[in-house]
Amino acid sequence: MMKPVKSMNELVERVSKDPELAEEIKRDPVETIRRLGPPLETDRWIYRIVVSALGGTMLVTVTGAIGLAVAGKDVPDILVGIGTGSLGSLAGLLAPAPSRD
């Protein structure tokens, strides 16, 4: 797998130095450039796994807190902190990114 490209200038430099990459871009430009993008921006599975893990953590902590409250026990502060942190992280991931207009 090729090293991800971080800027357009880096892509131009790599294409000028690597004739094999230039030929790949001529054959299938969209897929080749997509493959060269940073994995966190192009790989949807990473995003889905992180969102699922945070959502699962939040649900487990809320369920545990409700269960403890129903049983008449004190809810530990760490449980509240973990639930709040996962909820905040999830909100940050799902909120739309600000545009640069």
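Modeller: Helices are DSSP runs of H or I with at least four residues, numbered from the N terminus. This is a predicted model, where local features need pLDDT of at least 70 and side-chain atom pairs count only at pLDDT 80 or more, while totals for chains, interfaces and linings use all residues. Residues are numbered from 1 along each chain as its sequence is written, and side-chain values use heavy atoms, leaving out hydrogens and water.

Biologist: What does the protein average in pLDDT?

Modeller: pLDDT is the predictor's confidence in each residue, from 0 to 100. Where it is low, the predicted coordinates should not be read in detail. The protein averages 84, and 89% of the residues score at least 70.

Biologist: Which residue forms a salt bridge with E13?

Modeller: Side chains of opposite charge can pair when their charged atoms come close. The rule asks for a side-chain nitrogen of Lys or Arg within 4 Å of a carboxyl oxygen of Asp or Glu. E13 pairs with K17, with the closest N and O atoms 3.1 Å apart. Both lie in helix α1 (residues 8-17), four residues apart, about one turn of the helix.

Biologist: Is K17 buried or exposed?

Modeller: Buried means under 20% relative accessible area, exposed over 50%, and partly exposed in between (1.4 Å probe, protein chains only). K17 is exposed, at 62%, whereas E13 is partly exposed, at 46%.

How values were computed:
Helix = DSSP H or I, 4+ residues; strand = E, 2+ residues; numbered from the N terminus.
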